[in-house]
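User: Please go through this structure with me in questions and answers.

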Amino acid sequence: MNLKHFSFKTTDPVAAQLDALRPLNTADVVERLNKLKPALADATFAGLSDERAINVLEAPELLRAPQLLQALPRPRRARVLEGMADDRAADVVQALELTDQAAVLADLAACAPASAHAIQKLMRYRPRTAGALMTTEYVGVPADWTVAQTLDHVREVERKRETVYAIYVLTPGSDVLQQVVTLRRLITGAPGDNILTVAQVNPPVTVSPLTDQQEVARLIRRHDLLSLAVVDEQRRMLGIVTVDDIIDTMMEESTEDAHKFGGMEALDAPYMQIGFWRMIRKRAGWLCALFLGEMLTASAMQHFEGELDKALVLTLFIPLIMSSGGNSGSQATSLLIRALALGELRLRDWWKVALRELPTGMLLGAILGVIAIVRVVAWQQLGIYDYGPHWPLVALTVGAALVGIVTFGSLAGSMLPFVLQRLRFDPASASAPFVATLVDVTGLVIYFSIALLILSGTLL
């Protein structure tokens with residue numbers, strides 16, 4: 001047999017992945033790395049150039065960023081961290097184990113002490129605050145510079161700054177913020193003019209490093225900013241929060257809130273990345289708590305067992321009654337959580353909300369009650385179902401119960417977010433299932449109490 005026609009080819013999987021990544025942009029590289037098995041992803045990431053590795057690590061969509069950083073050799077790991085934006089580097093380092101954090105920061109301090117100091121400073125701030133979100137890489141110039149000097153400085157530092165669209169004018173020698181100059185205004189100024197001549201008219205919008213991220217997002221949206229200055233008590237510049245960072249953070253928080261609304265713990269990774277038993281732990285706790293709450297429904301029905309024996313017709317409307325109350329409560333909860341998150345309401349506004357939800361719930365309940373009465377009358381008159389000789393009272397009972405239960409659901413659903421926020425819990429924890437469970441139990445009590453009042457002496 002002639003073997004010269006046969007060739008044996010071995011393919012290096014890492015080399016194959018690097019070849020496939022070469023023509024892709026950063027977002028596509030991140031998506032591909034996220035899909036690879038951990039060992040192959042680590043090896044492939046280590047094969048990227050420093051510049052490419054920096055861009056990939058800075059992407060908030062990247063999964064396993066701390067593990068990928070750890071896969072790099074120690075000298076290169078410090079180089080890559082130095083090239084990253086300080087805020088993103090701090091997030092990645094903070095996700096490491098404490099011993100690994102110390103080793104990484106020690107390596108970084110040996111070659112780039114300024115970057116190591118900036119990262120350590122950012123890591124000291126509480127999560128979900130302006131300090132934790134900010135970057136120290138901003139364009140700041142003394143107030144005695146000219147427009148030409150500032151433009152030259154922007155050209156020089158452009159690659160090393162998070163954004164150059166806002167230039168922060170500082171008191172010389174003290175870093176106290178005086179004004180903000182937009183890049184658009186800067187390039188229209190006369191080269192020899194002082195930088196303050198092209199500054200904005202309004203005083204700069206600032207926050208403290210302890211400001212909650214939701215307030216930061218509200219200020220950026222309200223003032224239509226690309227970045228927001230973070231200052232200390234003496235108005236010295238500490239850093240800036242950029243609009244892209246706050247958008248990424250608020251998207252993560254929205255995802256957490258959506259999970260909580262479903263009656264479960266928030267997932268800290270994409271759905272397909274969560275292991276089976278970890279998913280069980282995330283969902284089982286809330287599910288058991290809601291189940292125990294729903295057991296009170298059985299207790300309520302046992303309490304009215306005698307009434308149910310006498311008027312079995314009432315059981316036909318229990319699902320209708322319970323679902324209507326839960327739906328109204330869920331509506332109110334969703335509206336109030338969103339209003340609190342956007343800063344449209346404060347804790348002191350609870351009574352205004354109660355006064356608004358009370359007539360709203362009564363009118364919504366009356367609408368549903370009329371529909372229920374029409375349904376009972378139609379079924380009785382058309383011969384679809386016989387509700388017995390006292391069917392008008394049954395219809396009245398169902399209609400009145402719906403008014404009471406929907407009103408209670410609206411009030412309970414609107415007040416729970418205030419109560420949870422007052423207790424320093426996340427209002428999103430007042431999820432729809434939790435509200436529905438509460439209204440289910442109380443709804444039965446309201447229903448049968450109204451039935452005893454209306455049907456006493458007839459069916460009961």
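The questions below move from the whole chain to single elements and side chains.

The model is predicted, so local features need pLDDT of at least 70 and side-chain atom pairs count only at pLDDT 80 or more, while totals for chains, interfaces and linings use all residues. Residues are numbered from 1 along each chain as its sequence is written, and side-chain values use heavy atoms, with hydrogens and water left out.

User: How many helices and strands does the protein chain have?

Analyst: Helices (H or I, at least four residues) and strands (E, at least two) are DSSP runs, numbered from the N terminus. Counted in this way, the protein chain has 20 helices and six strands.

User: What percentage of the residues in the protein chain is buried?

Analyst: Buried means under 20% relative accessible area, exposed over 50%, and partly exposed in between, with a 1.4 Å probe and protein chains only. The accessible surface of the chain is about 25000 Å², and 60% of it belongs to carbon and sulfur atoms. Of the 460 residues in the chain, the buried share is 44%.

User: Among contacts between residues at least 6 apart in sequence, what share joins residues at least 24 apart?

Analyst: A contact means heavy atoms within 4.5 Å. Among the contacts of the protein chain between residues at least 6 apart, the share joining residues at least 24 apart is 67%.

User: Is Q17 buried or exposed?

Analyst: Q17 belongs to helix α1, residues 13-21. Leaving out residues up to four places away in sequence, Q17 touches R32, L36, L40 and T44. Its relative accessibility is 13%, so Q17 counts as buried.

User: Which strands stand at the edges of the open sheet of three strands?

Analyst: The strand order is β4-β5-β6, with mixed pairing. Each edge strand has a single partner strand, so one side of it is left without a neighbour in the sheet; the edge strands are β4 (206-207) and β6 (237-242).

User: Which residue in β5 stands opposite V207?

Analyst: Strands of a sheet pair through backbone hydrogen bonds, either parallel or antiparallel. Two strands pair if DSSP finds at least two bridges between them. Here two bridges join β4 to β5 (residues 227-231), and these strands run parallel. Opposite V207 stands V230.

User: What angle does helix α13 make with β5?

Analyst: Axes are lines fitted to C-alpha atoms, for helices over the stretch in contact, and angles run from 0 to 180 degrees between N-to-C directions. Helix α13 (residues 213-223) packs on the sheet and touches β4, β5 and β6. The angle between the directions of α13 and β5 is about 130°.

User: Which residue in the hairpin of β2 and β3 takes a positive phi?

Analyst: Strands β2 (residues 166-170) and β3 (residues 177-182) pair in the antiparallel sense over five bridges. L170 has L177 in β3 as its bridge partner. Six residues lie between the strands of this hairpin, and the residue with a positive phi, near 85°, is G173.

User: Which residues are linked with D50 in a network of salt bridges?

Analyst: A salt bridge is a side-chain nitrogen of Lys or Arg within 4 Å of a carboxyl oxygen of Asp or Glu, and the whole structure has eleven. D50 in helix α4 (residues 50-57) and R76 in helix α6 (residues 74-83) are 26 residues apart, with their closest N and O atoms 2.6 Å apart. R79, also in helix α6, is 29 residues from D50 and meets its side chain at 2.8 Å, N to O. The residues linked with D50 are R76 and R79.

User: Which of these is buried at 10% relative accessibility?

Analyst: D50 counts as partly exposed at 25%. R79 is partly exposed as well, with a relative accessible area of 42%. The residue that counts as buried, at 10%, is R76.

User: How many residues apart are R218 and E215 in helix α13?

Analyst: R218 and E215 form a salt bridge whose closest N and O atoms are 2.7 Å apart. R218 counts as buried at 18%, whereas E215 is partly exposed at 25%. The two are separated by about one helical turn because their spacing in helix α13 is three residues.

Notes. Areas by Shrake-Rupley, 256 points an atom, 1.4 Å probe, with all protein chains shown as cover.
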